[in-house]
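Subject: Structure handover

Hello,

Here is the structure for your files. My notes on it follow below.

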Amino acid sequence: MENSEGVKIESTVVTEEPLISALDIALFVVIITVAYFWYFKRDKQSSSSEKKPYTIQPSSLSSIEQTSNSSFIKKLKSTGRSLVVFYGSQTGTAEEFAGRIAKEGARYKMKGMVADPEECDMADLVEMKEIQKSLAIFCIATYGEGDPTDNAMDFYEWLQNGDADLEGLNYAVFGLGNKTYEHYNEIAIYIDQRLEELGATRVHEIGLGDDDANIEDDFVSWKEKLWESVCSHYSIEETGEESNIRQYKLVDCSEVLPERIFSGEISRLKSYENQRFPFDVKNPYLSKIAVNRELHKSGDRSCMHIEFDIDGSKMRYDTGDHVAVYPKNSSELVDKIGELLNADLDAVFSLLNTDEESSKKHPFPCPCTYRTALTYYLDITSNPRTHIMKELIEYASDPKDQEKLKLMASSTPEGKKEFHEWILRDNRNIVHILEDLPSVKPDLDHLCELLPRLQCRYYSISSSPKVYPKSIHITAVLVNYTTSTNRVNKGVATNLLAQLIPTNDELPQPTIPIYIRRSQFRLPPKSQTPIIVIGPGTGLAPFRGFIQERDYARKEGREIGEMVLYFGCRKKDEDFIYENELQEYVANGTLTKLHLAFSRDQPEKKYVTHLLEQNADELWNIIGEKSGHLYVCGDARSMAKDVHSIIVKVVMEKGQMTNSQALNYVKKMEQQKRYSADVWS
């Protein structure tokens, strides 16, 4: 027989019955065996439970890593610092700005540190008054439709629900937003006001950065005035010392074993070889490309329909969610940097934070090769900010190159003009700068420290999980354009996706790392609620999923409400994407009406906004008389604004309201999630 631990027990039959029978012996052995295994299993579990929890983070070269301490106050006190800069960042810009402020604090005898509010006990803000001449600065981005960034969510909720006494806390706030969005810098404005309500002292007025214009210029201008206010408030003077101090030091890793070297993973070493659920921003899923087909019928532009295979991943998504795609830079650009700097791109290195108290030991997963860093971790295609110009000055051997960099790094009107024209208008990236200023030869490890992190790209999911539970669809336009310097700039993610073409089943399929980002862009809970969806171009993407879901409900025999789609593109015979699908949905009754605007098929331009104005009665009937929902997806800069103005006008005229009443009506629709927008600029 077998006991509970699988140990076989032999029994022997005897003719006489001794004092202790064989059965007794067998039972005794079973009991002892079970007790033995139970004791040592419990002991093993107990000892393992005493171990520190495993955290997913880049590996460090040091044998003993300092654990992250949630008390930023203790860190400030133990290291003699008085400045802490918190960041709420979704793309890395706010974190970059925070680092620049903390670094400059040294010029004003304020030793600073950067802190992620998600990793801190923000209730400790009440203790800031215990540190002499202390200052807390918040670089806070507003994300989505007036939401805090993921890492600032807990802090935002703490401010909303708490009533801490923040008297004695000195603070300043810089917001990162985009004026094309309705909720421009809403989170930063709230935090600035709420801190004052709780008794804190505002040292400098809030700064509002506009990413639709020149957020770098906004930040630099605010930062200069910030330090003037700081000097006045604390009665201190600028030391005049330059703050070009390296944040990270170079570590030679040529002796590191190959299995300890990162090769493109976002956080956990070998994560793409050993995939572990759940998948998120730090642990993406390596998805196969199941389908990649062209949607445009003709013309010189390209729009791709791509399907990511998530079968077996346990990933779940809802209609209206986004999928994040992790791109990589082209090998051509990466090789060009190595060529321009005469560098060995296959050398293994690490960058280690010189601040031992920082919870961020490396700027990206280390150790790795320079080729890996430039391919997977660093943004080499965007326009560098002015602080990079400043850091490059010391590497220019030609006085003319040096003067040009000094000018662009300055905050003078001439410097701002030069930076705007030479960097922003001409769309130069770091490769172009090194090409056009040939005497500039920065150390490659320093350049890797300066460049921002390569960010994932988000796409509206254009499928419904009810219809496609094992795949995620996206609709993406290939980004290629020629700059004024006759260079061809290519979209990092879309040009990579364009190369990932599925092959036959016998060969390995192309893959790319992805994860799902939840959205508030949702269909009404009741399928019979009427809706209007407005999505020109690739703005159609989430509505393809909406239509699929409504069609699924119809096929199940459920009642579905009216569904009116407004779609527009340039030419019917060129870029009318998903035409056959949409016509089928009209034929089977899922789509009640399909309003089409082809802007270049006639002498006068015709857009979806023109059709909305023409169909005011239908619009009011659904959103006014039937309390339906309205959705907009696409360009925030013009289309979404125009749609909003038309909606207000229709409500005012058809609902017989004043302008003020119509604005309040539309505002209430937004609050009730009856008017939703998923837009980009």
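Between which strands is the loop where P278 is found? P278 is in the loop between β8 (248-252) and β9 (285-294). Helices (H or I, at least four residues) and strands (E, at least two) are DSSP runs, numbered from the N terminus.

Some ground rules. This is a predicted model, in which local features need pLDDT of at least 70, side-chain atom pairs count only at pLDDT 80 or more, and totals for chains, interfaces and linings use all residues. Residues are numbered from 1 along each chain as its sequence is written, and side-chain values use heavy atoms, with hydrogens and water left out.

Overall figures

The chain has 21 helices and 23 strands. Of its 681 residues, 51% are buried; buried means under 20% relative accessible area, exposed over 50%, and partly exposed in between (1.4 Å probe, protein chains only). The accessible surface of the chain is about 33,600 Å², with 48% of it belonging to carbon and sulfur atoms. Accessible areas come from the Shrake-Rupley method with a 1.4 Å probe, and for residues only the protein chains shown count as cover. Among contacts (heavy atoms within 4.5 Å) with a separation of 6 or more, 75% are between residues 24 or more positions apart.

Backbone

Most residues other than glycine have a negative phi, and most peptide bonds are trans. The peptide bond from F277 to P278 is cis, with omega near 5°. Another cis bond joins C366 and P367, with omega about 0°; P367 is in the loop between β12 and β13 (368-369).

Two residues other than glycine have a positive phi: N185, at about 55°, and K314, near 70°. N185 lies in the loop between β5 (170-177) and α5 (186-197), and counts as buried because its relative accessible area is 0%. K314 is in the loop between β10 (303-309) and β11 (322-325), and counts as exposed because its relative accessibility is 57%.

Charged patches

Patches are made of residues with over 30% relative accessible area and no salt bridge, like charges being joined within 9 Å and nonpolar side chains (Val, Leu, Ile, Met, Phe, Trp, Tyr) within 5 Å. A salt bridge is a side-chain nitrogen of Lys or Arg within 4 Å of a carboxyl oxygen of Asp or Glu. Lys and Arg count as positive and Asp and Glu as negative, while His and the chain ends are not counted. Each charge is placed at NZ of Lys, CZ of Arg, CG of Asp or CD of Glu.

E118, E119, D150, D154 and E157 form a negative patch on the surface; D154 is in helix α4 (residues 153-161). R570, K571, R600 and K605 form a positive one. K605 is in the loop between β21 (593-598) and α18 (608-614), and is partly exposed at 45% relative accessible area.

Two individual residues

A347 is in the loop between α7 (331-340) and β12 (348-353), and is partly exposed, with a relative accessible area of 24%. Not counting residues up to four places away in sequence, A347 touches C368, T369 and Y370. A347 and D252 are 95 residues apart in sequence, with 8.8 Å between their C-alpha atoms.

T375 lies in helix α8 (residues 370-377) and is buried, with a relative accessible area of 11%. Leaving aside neighbours within four places in sequence, T375 is in contact with K328, N329, V334 and L454.

Regards
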